[in-house]
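Subject: Structure handover

Hello,

Here is the structure I promised to pass on. Please open it beside this message; my notes follow below.

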Amino acid sequence: MDNKNITKILKLTSQLMELHEENAFKIRSYTSAIYSIDQGNISLEGLSKDELQKINGIGKSIAEVIEQLQQTGTHQYLDELLDKTPKGLLEVLEIKGLGPKKIKVLWKELNITSVHELLEACQAGEVAKIKGFGAKTQEGIIQSLEYMESNRGKWHYADAEPEAIAIQEKLEGLFGKENIAITGDFARKAEIIERLEWIINTDQRKETFDKIDQLEAIEKNKKISSPFTWRGKTKEKELEIVFFAASNSSFVSEQLLRTGSRSHLLAPIDNEQTLGSFFKSKSFSSEKEAYQEAGLPYILPELREGQFEIALAKEDKLPLLLEESDLKGILHNHSTYSDGKHTLKEMALYCQELGYEYLGISDHSRTASYAGGLDIEKVEKQQEEIKVLNKELAPFKVFSGIESDILPDGNLDYPDEVLASFDFIVSSIHSSLNMTRKKATARLIKAIENPYTTILGHPTGRLLLRREGYPIDHKAIIDACAENKVVIEINANPWRLDLDWRWVHYAMEKGVKLSINPDAHEKKGYFHMKYGVLVGRKGGLTNEMTLNAMTLKEIDEYFSKRKNDIKK
């Protein structure tokens, strides 16, 4: 069992301990262990009880728990807690803004033991009557529950990807790569996946579906399957799966029809026919041939969203999309100076090892005290270390940045003389997320107009499937960035993917550069870059419009020019 799964179970244990009002000292011991594992750089897999106890923050009892987890996947104390916890409360524990203590009150005073019962109690106004809750808390719970329900059965692309790849490999082994095509949302690299779909080229449906039945990682739902369609789910995540069978003559047409979005397929290609109806009208040997016969250049699957691609294709102006290999550096990263897991030097060395030319470090600023934000003295200390590292690692370079909190009034949280000491500044919102659209937009625009803002970080603050972003006028924000020559971040963390790809093309039209940033808090966070590239590509992002596709020399000059322009 890896560190991630161990901490997940330890967190659940600590939540249940708090729910049942167990010993506070014991709860703190779990919290301490979770923090040590999260912040540490030691894999717990295979470690003995004695070895575990040598890790700071892990005592004898926690070491015994981890040893049990490694052996059985659970531990005795957790099982005891689960036995006395109504099963439905585990889902209630996932609701944003409701901690174990408040859930305990709901459970004991209103006998709420499930999400359904909680929603009914909120709608009846019963939750607002409880001391310590009130109408505002009740409304927040309703919104969280509705958001949870709307996202049930959906997965982040990054979470669905491993299962999709594993199933694809099995299918290729059974039927041959040329006879398999993944379609739907996953083929279009959508940020949220509701189901995985494949088309199989075969004239023997029954035999084909019988072979699929034998795959261990998936299970068939016989009630909703048919002789023409296999339906089921993955066993691990319960992600919905569909397999379609198509004859050789219709294989490519079906692939096109099941991959393109509705808007893409309804796009007119002449006065009489839509793209979708044309694809249905005949047989093709390849997707490229199909688009060619429709009078269009080949449109990559990730662009088939019915946004801008058809108009550009008709003018033969489809962009040459950004590749991950185009990226020369990684900006917006955190180290142990704030809430990162690895030291500045470790982050820099690993970035260099991955073949990048530069690293932008941008730890949290002083307002983010919850994340170890840097006070001015700490800023100076980090900048001194950066100077030393740059001499040691040359020609690789570490740029000194900060993720400066945008305060509720739109100001950044350092005086100008401190802001001027950085090579670049990522300006981001982390607090006061409940503003109206008008106020949130005005707040961001004020930060964009600050001459020290280089990059606008994760513009809406959204957490996909967990929290909606704060409401902003995207056009007004992008227009302000164009006017002030501010770059907009595509935060590559799979939970964020913010700026949303639907606004990338508009930003490019306005001449606004984008920056693919992982917001990495540890070394492995660098590997999220690929998800930022996928989002950029869906919006039509090119090498030329990507800030960190610049070479070290180019971006060094870019940062220097911006700073010099402020002084004028």
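Where is the place of P395? P395 sits in the loop between helix 19 (376-393) and strand 10 (397-405). Keep in mind that this is a predicted model.

**Backbone points to check**

The peptide bond that joins A394 and P395 is cis, with omega at about 10°. Two residues also stand out by phi. K485 is not a glycine, yet its phi is positive, about 55°. D519, also a residue other than glycine, has a positive phi near 55°. For context, most residues other than glycine have a negative phi, and most peptide bonds are trans.

D519 has 9%, so it counts as buried. K485 lies in the loop between helix 22 and strand 13 (487-491). D519 lies in the loop between strand 14 (514-517) and helix 24.

**Around L552**

L552 belongs to helix 25. Its relative accessibility is 16%, under the 20% cut-off, so L552 counts as buried. Setting aside neighbours within four places in sequence, L552 is in contact with E357, Y358, P395, K397 and F399. F396 is 156 residues away from L552 along the chain, but their C-alpha atoms are separated by 8.2 Å.

**Second largest pocket**

Helix 25 (residues 552-567) also gives the largest share of the lining of the second largest pocket, with six residues. The space in this pocket is about 210 Å³. Its lining consists of P451, N484, K485, E557, Y558, K561, R562, D565 and I566. Note K485 in that list; this is the residue with the positive phi.

**Helix 21**

The buried residues in helix 21 are A440, T441, R443, L444, A447 and I448. They cover an arc of only 160° around the axis, so they are on the same side of helix 21. The general rule is that an α-helix has 3.6 residues a turn, so residues three or four places apart point the same way. K438 and K439 are exposed, on the face of helix 21 turned away from its buried side. The cover over the buried residues of helix 21 includes strand 12 (455-456) and helix 22 (474-484).

I27, Y30, A33, I34, S36 and I37 are its buried residues. What covers them includes helix 1, helix 4 (60-72) and helix 5 (76-83).

H20 lies in the loop between helix 1 (3-19) and helix 2 (24-39). With 14% relative accessibility, H20 counts as buried. Which residues does H20 touch, not counting those up to four places away in sequence? They are L81, K84, T85, K104 and W107.

**Nonpolar cores**

The largest nonpolar core has 90 residues. Those with the most contacts inside it are L171, I212, F243, I516 and L541. Helix 10 (residues 157-175) gives the most to this core, with seven residues. Another core, of 43 residues, lies apart from it; L69, I112, L118 and L145 are among its members.

Back to L171. Leaving aside neighbours within four places in sequence, L171 is in contact with G176, I180, W198, I212, L215 and F243.

**Cavities**

How many cavities of 30 Å³ or more are there? The count comes to two. Y157, K189, A190, E191, L497, Y531, L534 and V535 line it. Helix 24 (residues 529-538) gives the most to this lining, with three residues.

Over to you.

Methods:
Residues numbered from 1 in each chain as written. Predicted model: local features only at pLDDT ≥ 70, side-chain atom pairs only at ≥ 80, totals over all residues. Heavy atoms only, no water. Buried < 20%, exposed > 50% of the residue type's maximum accessible area, 1.4 Å probe, protein only. Helix = DSSP H or I, 4+ residues; strand = E, 2+ residues; numbered from the N terminus. Arc of directions from axis to C-beta. Contact = heavy atoms within 4.5 Å. Core = buried A, V, L, I, M, F, W, Y, C linked by side-chain atoms within 4.5 Å. 1 Å grid on protein atoms, 1.4 Å probe; cavity = no way out; pocket = protein on both sides within 12 Å on 5 of 7 lines; lining within 4 Å. Points joined across faces, edges and corners; volume = space filled by probe spheres on them.
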